[in-house]
Amino acid sequence: MRVLVIGGSGYLGTELVRQAIAAGHETAATFASQPGRSSGAAWHRLDVRDPVRVARLIADVAPSVVINASSGLSDWAVTADGAVRVALAAAEQGCRLAHVSSDAVFSGAHVRYDESSLPDPVTPYGAAKAAAETAVRLLMPGAVVARTSLILGRGQSGHERTVHDLAAGTRDGVLFTDDIRCPVHVEDLAAALWEIVAQPDAAGVFHLAGTDALSRYDLGVLIARHQGLDGAQLPAGRRADTNLLGALDVRLDSRATQQRLRTRLRGAHEFLRADGRSTRNSGVGAAQGPESG
């Protein structure tokens, strides 16, 4: 299988590329500033704001599967318009498309959200992601839209680095006790994405989040302990007491998606003990069947 990972040099993209190469797929990936370190992939510089370059790249690579794991955060031209350009080009070439979305499309008003829940974003980033979801599904009804939450793993995520610095006293700030999400391990997420896109009948919205709902503070304590640091030293605060935009409590319900997966989406209590080293039924292959939050 020939695959293309848009945003392949990012945190999730790096793991997607690694798993694709390990599975023996002919792998191409894009980067905005610096290529990734995987030597088994063909790397291409891409600005998703350029419709001509997007269309030309997908035509030249001619992949059977495209996973769009890029993120421009609240930059509408990247996060929303860029996703539309990728979908248009993939549709033109007849590629399978998976678009990675985020729990930021929800306001938190209902706390628990399953795959049928409609977006009601309260931030510019969430609005861009919601617009991208709508456009992708209209342009490519057979596409996969995969919503996820905080992505962690191997101490390399932004959240894990922040916790390390806060616990070590080398960074200012607090971890919110009222900001709740369902963290997922990057390896589980990537494996689940590859498994879904390998299922010909998989289309529409899927939720790929861990089973544990945790505040950013409680998650930080787990991360600190995992890294051998004193979690009691972590500064705590309430997001509700700040002027920051964003939902407080958003819990992605992934049970319906999990039922069609062999990859198990572990909760943070489990994967922060094992950190990807436990045995689980996951991977990339023809028999199985795209930083958010």
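Reply: A residue is called buried when its relative accessible area is under 20%. Please keep in mind throughout that this is a predicted model.

Me: Why is cysteine 182 called buried?

Reply: Cysteine 182 has a relative accessible area of 4%, and because the label requires a value under 20%, cysteine 182 counts as buried.

Me: What makes aspartate 188 buried or exposed, and what does its side chain contact?

Reply: Aspartate 188, placed in helix α7 (residues 186-197), has 0% relative accessibility and therefore counts as buried, the limit being under 20%. The side chain of aspartate 188 makes a polar contact with the side chain of arginine 266 at 2.9 Å, a value to be set against the cut-off of within 3.5 Å.

Me: How do you know whether α4 is roughly parallel or roughly antiparallel to α5?

Reply: Helix α4 (residues 81-93) and helix α5 (residues 124-139) pack at an angle of about 10°, with their axes 9 Å apart. Because angles under 35 degrees count as roughly parallel, α4 is roughly parallel to α5. The contact is made by Ala83, Val84, Ala87, Leu88 and Ala91 of α4 together with Ala132, Ala135, Val136 and Leu139 of α5, and the crossing of these two helices, α4 and α5, is right-handed.

Conventions
Residues are numbered from 1 along each chain as its sequence is written. This is a predicted model: local features need pLDDT of at least 70, side-chain atom pairs count only at pLDDT 80 or more; totals for chains, interfaces and linings use all residues. Side-chain values use heavy atoms; hydrogens and water are left out. Buried means under 20% relative accessible area, exposed over 50%, partly exposed in between (1.4 Å probe, protein chains only). Helices (H or I, at least four residues) and strands (E, at least two) are DSSP runs, numbered from the N terminus. A polar contact is a pair of N or O atoms within 3.5 Å; within protein, one must be able to donate a hydrogen and the other to accept it, and residues adjacent in sequence count only if both atoms are side-chain atoms. Axes are lines fitted to C-alpha atoms, for helices over the stretch in contact, and angles run from 0 to 180 degrees between N-to-C directions. Angles under 35 degrees count as roughly parallel, over 145 as roughly antiparallel, 65 to 115 as roughly perpendicular and the rest as oblique. A crossing is left-handed if the near helix is turned anticlockwise from the far one by less than a right angle, and right-handed if clockwise. Contact means heavy atoms within 4.5 Å.
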